[in-house]
Amino acid sequence: MGKSLFYTGKGDKGVSAVGKKKIKKTNPFVEALGELDELNSMCGVLKTDAIRPELRKELHQIQENLFIIQANLAYMMLKEKREPPFFPAEKTLAAEQVIQTIEDKLKPTKGFVISGSTRISAWLDMLRARSRRAERRVVAVSKNINPNILPYLNRLSSILFALARDEAFRAKKKEQHPSYK
């Protein structure tokens with residue numbers, strides 16, 4: 001049997017070979033990279049749905065941003081001497097502008113919202129929750145990270161929340177809040 005394109009077998013003992021370095025799969029950087037990868041992939045799943053072109057474009061930009069963040073973490077993990085792709089503060093400002101545009105259109109949401117008003121808003125809520133977990137994992141390894149990354153990751157859950165509320169609004173669905181009964 002020839003060499004496989006899809007597996008190496010080198011990680012069968014809980015260690016990943018990255019270039020010439022061996023890194024434990026339980027390494028906090030590997031955990032953070034895995035969470036970002038999962039979030040990125042889930043954005044891709046939602047993009048396959050019948051969604052508005054503007055939402056598809058926003059999700060694609062989020063994916064692009066996540067790849068830059070992943071590259072920054074990978075460079076830190078591998079102690080690369082090269083500079084990783086730059087993550088500018090403007091990416092956070094762009095996210096804030098999207099959030100503000102939605103806030104200007106919708107009434108403020110007080111308290112929690114029960115997910116599931118629409119399929120798309122539910123997916124955006126799932127992405128929001130996953131983005132928070134990814135953010136926590138990145139914070140755990142963020143000692144020398146580009147200072148523009150953490151604010152963006154913090155806004156990411158907010159933009160996904162705003163996009164979910166916007167989707168419910170566009171579908172004319174009244175969102176419910178927990179009754180705590």
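Student: How many aromatic pairs does the count come to here?
Tutor: The count comes to one aromatic pair, where rings of Phe, Tyr and Trp (its six-membered ring) pair if their centres lie within 6.5 Å. This is a predicted model, so local features need pLDDT of at least 70 and side-chain atom pairs pLDDT 80 or more, while totals for chains, interfaces and linings use all residues. Residues are numbered from 1 along each chain as its sequence is written, and side-chain values use heavy atoms, leaving out hydrogens and water.

Student: Which residues form that aromatic pair, and what is the geometry?
Tutor: Phe-87 and Tyr-152 sit 5.3 Å apart centre to centre with 65° between the planes, which is edge-to-face (planes over 60 degrees apart; under 30 is stacked, the rest tilted).

Student: Where do Phe-87 and Tyr-152 lie?
Tutor: Phe-87 is in the loop between helix H2 (53–78) and helix H3 (90–105), and Tyr-152 is in helix H5 (residues 149–170), so the pair ties together parts 65 residues apart in sequence. Helices here are DSSP runs (H or I, at least four residues), numbered from the N terminus.

Student: Is Phe-87 buried or exposed?
Tutor: Buried, with a relative accessible area of 0%; Tyr-152 counts as buried too, at 2% (buried is under 20%, exposed over 50%, partly exposed in between, with a 1.4 Å probe and protein chains only).

Student: New topic: at what angle do H1 and H4 pack?
Tutor: Helix H1 (residues 28–47) and helix H4 (residues 119–140) pack at about 165°, with their axes 8 Å apart. That makes H1 roughly antiparallel to H4 (an angle over 145 degrees).

Definitions and conventions. Axes are lines fitted to C-alpha atoms, for helices over the stretch in contact, and angles run from 0 to 180 degrees between N-to-C directions. Helices (H or I, at least four residues) and strands (E, at least two) are DSSP runs, numbered from the N terminus. Angles under 35 degrees count as roughly parallel, over 145 as roughly antiparallel, 65 to 115 as roughly perpendicular and the rest as oblique.
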